[in-house]
Amino acid sequence: MKDSNNSAVHMDVDWETYMAANDMEWVVKPVSWDEGAFLGNGLLGTMVYGEEHASKRHVLRMVTGRSDVTAVRMDKPGFPPRVQLGELDLELEGKIYHPTQMRINLWNAELLATLTTTSGEVKLRSLVHSLDPVIAIELETTEGENGARFAWYPFPDVDPVLKNADVVNLNQYIPQTEVVHSEDEDGIRVCTQRYSGGDGCVTAWKEVQVSPNRRICWLSIARGHSESTQAEAVEAVAQASAANFEEWVEAHRNWWHQYYQQSFVSLPDGRLESFYWIQMYKLASATRVDKPLIDNQGPWLTSSPWPGVWFNMNVQMSYSPIYTANRLEIGESLVRSLHANREQLIRNVPEPFQHDSAGLGRSCSFDLQAIVDDEVGNLTWICHNVWRHYRYTMDDGMLEEVLYPILRRSVNYYIHLLEEGEDGCLHLPPTISPEYGSFMRTTVADCHYDLALLRWGCETLLAICKRLKISDSLRSKWEDILLKLVPLPVDETGFMVGRDMPLAYGHRHFSHLLAIFPLHLISGETEEERALIATSLRHWLAKEGDLRGFSMTGAASIATVLGQGDEALRLLQSLLHIIKPNTMYKEAGPVIETPLAGAESIQDMLLQSWGGKLRVFPAVPEAWTELAFHNLRGEGAFLVSAVRKDAVTQWIRVKSLAGEPCLVKTGWQGRIRWNIIGVDGTVRLSGETVVEEEVSLALEKGEEAVLYSSEEVPDLRVRPVGGRNKVVRYFGGHKPWRLYGFHGGE
């Protein structure tokens with residue numbers, strides 16, 4: 001189909017067929033959270049798997065969560081953590097046996113399964129509706145399985161066999177819970193859970209026998225336990241069950257179809273291509289524009305020591321792929337959360353500084369109540385995400401109303417800490433570089449993490465004032481800080497953790513390299529800077545002791561700054577050894593940010609746009625001779641498309657959504673040709689020029705430019721690319737054999 005808005009680029013993609021190759025697939029029953037099938041709508045979610053205990057082989061578990069259900073702690077001080085809610089179990093007549101297959105249809109965001117049991121067969125379709133707070137499960141059974149039943153178990157009533165199978169985390173708070181069951185006159189059953197601290201949740205569900213062998217179950221969960229909360233859950237189920245089911249499902253599918261088509265990426269590496277698209281699915285399953293921000297697990301909470309929101313990396317990395325992916329509405333949940341809780345951000349700093357400052361500690365609940373201690377930079381870093389959101393939209397209203405006042409207060413807190421030394425430089429007192437020496441609470445003066453964030457913050461505030469024509473009384477102060485701030489500490493190993501503290505042992509976080517990525521204060525565009533980046537990266541990775549999955553994503557993105565596509569690919573392949581079969585990630589407990597950050601690392605190989613410059617195919621691995629992407633977004637609100645064949649970029653298309661200055665690093669040398677296409681779809685201007693990689697374009701809002709190096713206008717179609725031995729549907733259940741000659745079938 002032709003791209004919308006009279007674009008010269010044509011999308012030649014059968015989306016349903018293309019996405020099918022990236023589906024998650026199970027050829028046997030999954031038996032853990034690590035390999036379960038997950039569904040979500042940004043608020044409600046379910047993880048589907050079974051259990052191999054002899055007494056539970058007839059059960060398919062649908063472990064269910066709602067992101068914003070928390071419980072006030074009664075055991076000790078602390079923020080209200082997320083709590084496990086319970087599960088809807090499909091209890092079968094026979095034991096689940098072979099052949100059993102399950103598949104997440106990404107295109108439709110549905111789970112499809114055929115369960116063979118020792119008594120018969122069950123076909124299952126499940127979805128978490130994209131627009132309504134309702135989970136639906138459709139069941140078709142053969143005669144031997146007509147007695148299959150759905151049963152809801154609130155968490156206190158879940159069988160200990162199943163709880164133990166999930167591994168009990170002794171650090172996790174589990175509230176004392178009062179459970180009350182009821183049923184209304186329409187057959188909607190209700191389970192109310194009241195927690196000891198006063199919180200709770202209500203589950204409502206209804207099962208309807210549509211035909212002798214077909215039934216549908218609808219389920220909803222509401223936060224709280226009042227009569228109005230019960231009515232909310234019941235009403236959601238009542239409306240869904242009264243609707244035309246196929247029309248209701250079609251509305252769900254339409255949302256997802258529109259979401260996916262906001263951008264397109266195709267790689268010759270089938271595993272990474274599928275991994276990328278599953279992260280796009282995961283993002284929209286984890287949050288939405290009007291839903292809670294992404295915490296450490298999204299709606300798929302299980303046994304975890306981290307049932308909350310962490311701001312020294314996790315939230316920042318979770319949102320990192322939305323910008324280039326052109327899925328900015330997903331990021332609105334973060335922007336909205338910061339704006340809604342701006343008064344709490346002020347209360348997070350010591351009282352003497354609350355008149356002009358704000359901050360954010362390490363961990364909290366959705367109210368962002370996290371007192372700042374000696375880990376100072378978290379709010380400034382999250383402001384970098386909001387700055388990216390601005391730069392990719394050029395929404396001056398959001399810049400003025402949301403980012404500017406929060407960033408100003410965040411930088412003000414740093415200003416209160418600055419001290420002038422005998423060297424005439426401004427210095428910071430000892431603070432924490434996140435994750436370095438965590439158990440010892442190691443602090444270091446002139447910490448790279450904080451110096452880099454302070455420098456970025458001052459530069460950004462000055463840029464905002466220039467953009468919005470603000471005469472801020474602190475302008476001269478920010479300029480003075482940029483002039484006098486002590487340089488980032490460096491030794492022969494590259495960037496140091498801080499003053500007099502080189503990186504001496506394994507460090508999983510890239511907090512000591514923040515100036516390289518994601519802040520890009522060090523551009524790598526001079527030989528000196530490239531050498532510094534390369535030395536720092538090499539030294540970091542050589543200290544293997546504490547590297548983790550998110551170390552691989554950060555290192556991969558740093559490698560792309562240097563144009564090292566092969567190194568970035570090697571690091572991403574290492575990541576694939578660490579993530580779980582369903583692309584989730586777990587250390588001492590599950591956390592969601594690492595695979596999502598891996599999607600950003602893939603984007604960084606295809607398009608980078610920091611520093612006012614669009615870099616097209618900046619770090620392509622040698623083996624990736626064919627690539628294609630469409631409508632990836634860059635800073636300045638540009639939509640970029642490009643195709644690469646035979647290891648050569650065939651064409652680049654840039655569309656301006658805001659009329660901002662446009663500088664493109666093409667990778668070409670010599671004569672290129674260009675057409676500028678007006679908003680009416682006709683060519684407004686054509687020309688040619690000689691370039692040394694970069695070209696400047698003058699585009700009005702709504703116009704696009706097509707650049708190419710051939711004599712004739714190339715075929716401006718975007719198609720999926722092939723690849724040698726391109727594995728399909730690798731993720732879901734653990735299927736290592738698909739790397740060795742078996743690539744799946746329809």
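## Helices α9 and α11

Let's start with a pair of helices: α9 passes α11 in a left-handed crossing (left-handed means that the near helix is turned anticlockwise from the far one by less than a right angle, right-handed that it is turned clockwise). Helices (H or I, at least four residues) and strands (E, at least two) are DSSP runs numbered from the N terminus. The model is predicted, with local features requiring pLDDT of at least 70 and side-chain atom pairs counting only at pLDDT 80 or more, while totals for chains, interfaces and linings use all residues. Residues are numbered from 1 along each chain as its sequence is written, and side-chain values use heavy atoms, leaving out hydrogens and water.

The axes of α9 and α11 are 10 Å apart, and the two helices pack at an angle of about 40 degrees (axes are lines fitted to C-alpha atoms, for helices over the stretch in contact, with angles from 0 to 180 degrees between N-to-C directions). α9 and α11 are therefore oblique to each other (under 35 degrees is roughly parallel, over 145 roughly antiparallel, 65 to 115 roughly perpendicular, and the rest oblique). On the α9 side, the contact (heavy atoms within 4.5 Å) is made by N378, T380, W381, C383, H384, W387 and Y390. Their partners on α11 are Y449, L453, W456, T460, A463, I464 and R467. By class, this contact has 9 nonpolar, 4 polar and 1 charged residues (Ala, Val, Leu, Ile, Met, Phe, Trp, Tyr, Cys and Pro count as nonpolar, Asp, Glu, Lys and Arg as charged, and the others, Gly among them, as polar).

## Helices α11 and α12

α11 (residues 448-468) also meets α12 (residues 475-484): their axes come within 9 Å and cross at roughly 140 degrees. α11 and α12 are therefore oblique to each other, and α11 passes α12 in a left-handed crossing. From α11, the residues in contact are L454, R455, C458, E459, L461, L462 and C465; from α12, they are R475, W478, E479, I481 and L482. Here the classes are 8 nonpolar, no polar and 4 charged.

## Helices α4 and α5

Now look at α4 (residues 245-260) and α5 (residues 270-286), whose axes come within 11 Å and cross at roughly 125 degrees. That makes α4 oblique to α5. The crossing of α4 and α5 is right-handed.

In α4, W255, W256, Y259 and Y260 meet W277, M280, Y281, L283, A284 and S285 of α5. This contact has 9 nonpolar residues, 1 polar residue and no charged ones.

## The largest cavity

On a 1 Å grid over the protein atoms alone, a cavity is a set of points where a 1.4 Å probe fits but cannot get out, and a pocket is an open set with protein on both sides within 12 Å along at least five of seven lines; lining residues have an atom within 4 Å of a point. Grid points are joined across faces, edges and corners, and a volume is the space filled by probe spheres set on the points.

The structure holds 4 cavities of 30 Å³ or more, and the largest cavity has a volume of about 90 Å³. The lining of the largest cavity is made of Q316, M317, S320, W381, H384, N385, R388, F510, F517, P518 and E600. The classes are 5 nonpolar, 4 polar and 2 charged.

The largest pocket contains about 990 Å³ of space. It is lined by 39 residues, and P305, W306, W310, R362 and S363 lie nearest its centre. Its lining has 17 nonpolar, 12 polar and 10 charged residues.

The second largest pocket contains about 640 Å³. Of its 33 lining residues, W387, R391, G611, G612 and E635 are the closest to its centre. α9, α11, α14 (549-561), α16 (593-606) and β25 (607-608) each supply at least two lining residues, with the largest share, 7 residues, coming from α11. The lining divides into 14 nonpolar, 10 polar and 9 charged residues.

## Backbone details

Two cis peptide bonds can be pointed out. One runs from H98 to P99, with omega near -5 degrees, and P99 is placed in strand β7 (residues 96-105). Another joins F517 and P518, with omega about 10 degrees; P518 lies in the loop between β22 (494-495) and α13 (527-542). F517 and P518 are also among the residues that line the largest cavity.

Finally, find F617 in the loop between β26 (614-616) and β27 (627-634). Phi of F617 is near 50 degrees, a positive value in a residue other than glycine.
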